[in-house]
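Dear colleague,

Please find below the structure that I am passing on to you. My notes on it follow directly after.

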Amino acid sequence: MTASALIAAAHELSATVDGMRFAAPVTHVYNPLDYAGEIHDNYLRRYGEGRKRVVFIGMNPGPFGMAQIGVPFGEISTARDWLGLEGPVGQPAQTNPKRPVEGFACKRSEVSGQRLWGLFRDRFGTPDAFFADHFVANYCPLAFFEDGRNLTPDKLPAHEQRPLLSACDAHLRRLVDTLEPEWVIGIGVWAEQRALGALGDIAGLRFGRILHPSPASPAANRGWSEAASKQLVELGIW
């Protein structure tokens with residue numbers, strides 16, 4: 001019943017972070033575990049059952065991916081057509097007019113998700129084949145905006161980061177305790193560092209990272225799929 005445990009943990013995390021407040025320059029905070037919670041629950045229910053050998057950890061929701069539909073790295077067409085997820089999406093408590101939530105009707109593509117899930121689709125063929133041994137989650141469930149600009153959690157002041165990171169660390173430990181992976185792989189340096197900080201005392205757990213697929217990274221724009229595959233092969237995961 002690992003999926004049920006993951007759903008309960010996600011609901012608890014969502015309630016905890018909902019009570020947090022963030023000052024300027026943050027103008028809007030989105031919690032897709034809330035307004036897109038039904039789809040996120042469906043993702044966990046469908047793909048979170050059973051032990052996983054490898055857990056990939058991302059940073060936080062992207063504006064055109066998880067912030068739209070509640071699926072980590074949730075590029076719309078991939079989530080709908082490959083992962084087979086669908087469902088209603090509500091609205092954040094305070095909508096940012098420069099970053100509207102349109103759910104599966106969103107026309108913008110989350111390039112990071114397109115690259116990440118595209119790699120898994122090309123290598124494994126079906127979601128069931130991938131999720132038999134792998135899982136994907138985000139460390140932080142909140143998306144932050146300064147007007148139309150995306151802000152990542154590492155840019156928050158230290159006094160605002162502390163309670164947020166504490167809640168995310170606790171949730172990550174619950175996720176790993178539930179799925180019992182051999183490996184936790186950070187998608188990018190920051191996610192790897194957060195995983196090490198939260199989980200580094202767990203005996204036998206191994207850590208690594210892959211290049212973040214963001215188009216903001218010049219390295220990711222020079223053959224991200226090949227680079228990430230090479231990193232996973234060198235780690236001995238693939």
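Does Phe73 count as buried or exposed? With a relative accessibility of 9%, Phe73 counts as buried, where buried means under 20% relative accessible area, exposed over 50% and partly exposed in between (1.4 Å probe, protein chains only).

This is a predicted model, in which local features need pLDDT of at least 70 and side-chain atom pairs count only at pLDDT 80 or more, while totals for chains, interfaces and linings use all residues. Residues are numbered from 1 along each chain as its sequence is written, and side-chain values use heavy atoms, with hydrogens and water left out.

Backbone features

Phe73 lies in the loop between helices H4 and H5 (76-81); helices (H or I, at least four residues) and strands (E, at least two) are DSSP runs, numbered from the N terminus. Although Phe73 is not a glycine, its phi is positive, at about 55°. Glu180 likewise is a non-glycine residue with a positive phi, of about 50°. Glu180 sits in the loop between H8 and E6 and is partly exposed, with a relative accessible area of 48%. The peptide bond between Ala24 and Pro25 is cis, with omega about 15°; Pro25 belongs to the loop between H1 and strand E1 (28-30). As background, most residues other than glycine have a negative phi, and most peptide bonds are trans.

Helix packing

Helix H1 (residues 2-18) packs with H8 at an angle of about 175°, their axes being 10 Å apart. Axes here are lines fitted to C-alpha atoms, for helices over the stretch in contact, and angles run from 0 to 180 degrees between N-to-C directions. H1 and H8 are therefore roughly antiparallel, given that angles under 35 degrees count as roughly parallel, over 145 as roughly antiparallel, 65 to 115 as roughly perpendicular and the rest as oblique. Contact means heavy atoms within 4.5 Å. Residues of H1 including Leu6, Leu13 and Val17 meet residues of H8 including Leu164, Leu175 and Leu179. By class, this contact of H1 with H8 has 12 nonpolar, 4 polar and 2 charged residues; Ala, Val, Leu, Ile, Met, Phe, Trp, Tyr, Cys and Pro count as nonpolar, Asp, Glu, Lys and Arg as charged, and the others, Gly among them, as polar.

H8 also meets H9: their axes come within 9 Å and cross at roughly 75°, and the two helices are therefore roughly perpendicular. On the H8 side the contact is made by Leu165, Asp169, Leu172, Arg173 and Val176, and on the H9 side by Trp190, Arg194, Ala195, Ala198 and Leu199. The classes here are 7 nonpolar, no polar and 3 charged residues. The buried residues of H9 (residues 189-199) include Glu192 and Arg194, and the buried residues of this helix pack against strand E2 (54-58), helix H8 (158-179), strand E6 (183-187) and strand E7 (206-210).

In helix H3 (residues 37-47), the buried residues include Ile39, Tyr43, Leu44 and Tyr47. The partners of the buried H3 residues include H1, helix H6 (111-124) and strand E3 (134-138).

Nonpolar cores

A nonpolar core is a set of buried Ala, Val, Leu, Ile, Met, Phe, Trp, Tyr and Cys residues joined through side-chain atoms within 4.5 Å. The largest has 71 residues, of which Tyr43, Phe56, Trp117, Phe120, Phe135 and Leu164 touch the most other members. H8 gives the most to this core, with 8 residues. Neighbours within four places in sequence aside, the contacts of Phe135 include Leu6, Tyr43, Phe56 and Leu175. A second, separate core of 7 residues includes Ala36, Ala67, Ala143 and Phe145.

The loop around Thr152

Thr152 lies in the loop between strand E5 (149-151) and H8 and, at 18% relative accessibility, counts as buried. Its side chain is joined to that of Asp154 by a polar contact of 2.5 Å (a pair of N or O atoms within 3.5 Å; within protein, one must be able to donate a hydrogen and the other to accept it, and residues adjacent in sequence count only if both atoms are side-chain atoms). Beyond its neighbours within four places in sequence, Thr152 is in contact with Met59 and Asn60. The C-alpha atoms of Thr152 and Asn60 are separated by 7.3 Å, although these residues are 92 apart along the chain.

With kind regards
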